[in-house]
Amino acid sequence: MVQSALSWDKNVLEPVFRELYTQAQEGMKDYIGMMYDIQPSTKAVESIEMIGGEGLMEEWSHSNNQVYYSDVNELWQKYFTPGKFSDGRQIDRDFIDDLKLTAIKDRITSLAQSEYYTRQAQAAEWFVNGDKTTGVDFRGRSYDSSLPDKKALFATDHPLAPGDTGPGQSNKGTDELTIDAFDDTVVAMQAWTNDRGNLLPVMPDTLIVAPYNRRAALQIAGISGKGEGYEPGSADHNINIYEGDIKVIVNPFFTKGNRKAWIAADSRRMKRAMKWFERRRPENGSMTDFDTEIAKYKVVGRWSKGCIDWTWGFGHFPV
């Protein structure tokens, strides 16, 4: 059907290219939605002003028998400026006239994959550069990967608020992934406090790993219908208390970083902290050039991403 319909006509080529592009993206697993709060954007710059932690209610008799209003501290401000990204393919008219369908499909497929790989690689940068304040992006260029508190996402000395000169709090370790290390990490996360000194309601429910740690992560989390509910590596048949309660995210785009790294995350707090703004979702289109007889097919999009808070995850970066 494509063979008989294909001709050097923009109105014919456009829907054919678009269909090939759509087909090429089918079945590609999207990891962005697993880790980020994805929002549409209508601004040139998005700004999020971080506020302090939750206070505690006051007893009625201790607030003069009226509602007790507590102040919320202003913390850091984070700005999100969208970058503009593009890629394209050129297809010679002779390919159309000679019905070189495989060559045409390969070019459109590679463009669809370019969009997918670019966005997924960018989404993975928080993991790849999680222990650094200056990271290397998906194109190999240096960029500022620090949080608004000027620390790496995973650091040993996060301040509680601007101007805080205390020792700070840690969400970084160097342990390899075992059930004992995961257990110790869960306990450490539940000792975190906010800027008011109140305990944070952190409940790790997700293990985020590169493929290297897939086996260890799934053994800790357990797989429904596979296994007996025992702790991995235990000769005493201890019950695995985490089985059924932990979600595992194995992201192949994390391989570029420390392949042994792993993150224990509170997914609810992670979605509040990890932001992805779609200023212009990737759009594709085509045009034909009169002089060169080249059909051009492009994809262009604008988006921004980042993290505004570290109190959702504890990262381990084994040496």
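This is a predicted model: local features need pLDDT of at least 70, side-chain atom pairs count only at pLDDT 80 or more; totals for chains, interfaces and linings use all residues.
Helix H2 covers residues 10-25 and has 16 residues. From its first C-alpha to its last, H2 reaches 22 Å, close to the 22 Å expected at 1.5 Å a residue. The buried residues of H2 are Leu-13, Glu-14, Val-16, Phe-17, Leu-20, Tyr-21 and Ala-24. In an α-helix there are 3.6 residues a turn, so residues three or four places apart point the same way. Gly-27 follows H2, and its phi is positive, near 85 degrees.

Side chains of opposite charge can pair when their charged atoms come close. Twelve salt bridges are present in the structure. One of them joins Lys-305 and Glu-125, at 3.1 Å from N to O. Lys-305 lies in strand S12 and Glu-125 in helix H6, so this pair ties together parts that are 180 residues apart in sequence. Lys-305 is partly exposed, at 23% relative accessible area. Glu-125 is buried, at 6%.

A salt bridge also links Arg-281 and Glu-278, at 3.0 Å from N to O. Here Arg-281 is exposed, with a relative accessible area of 52%, whereas Glu-278 is buried at 7%. Asp-157 pairs with Lys-151, their closest N and O atoms being 3.1 Å apart. Asp-157 is partly exposed at 32%, and Lys-151 is partly exposed at 25%.

The surface also carries a nonpolar patch formed by Trp-60, Val-67 and Tyr-69. Together these residues have about 400 Å² of accessible area. Val-67 sits in the loop between strands S2 and S3. Its relative accessible area is 46%, so Val-67 counts as partly exposed.

How values were computed. Residues are numbered from 1 along each chain as its sequence is written. Side-chain values use heavy atoms; hydrogens and water are left out. Patches are made of residues with over 30% relative accessible area and no salt bridge: like charges are joined within 9 Å, nonpolar side chains (Val, Leu, Ile, Met, Phe, Trp, Tyr) within 5 Å. Accessible areas come from the Shrake-Rupley method with a 1.4 Å probe; for residues, only the protein chains shown count as cover. A salt bridge is a side-chain nitrogen of Lys or Arg within 4 Å of a carboxyl oxygen of Asp or Glu. Helices (H or I, at least four residues) and strands (E, at least two) are DSSP runs, numbered from the N terminus. Buried means under 20% relative accessible area, exposed over 50%, partly exposed in between (1.4 Å probe, protein chains only). The expected span of a helix is 1.5 Å times one less than its number of residues.
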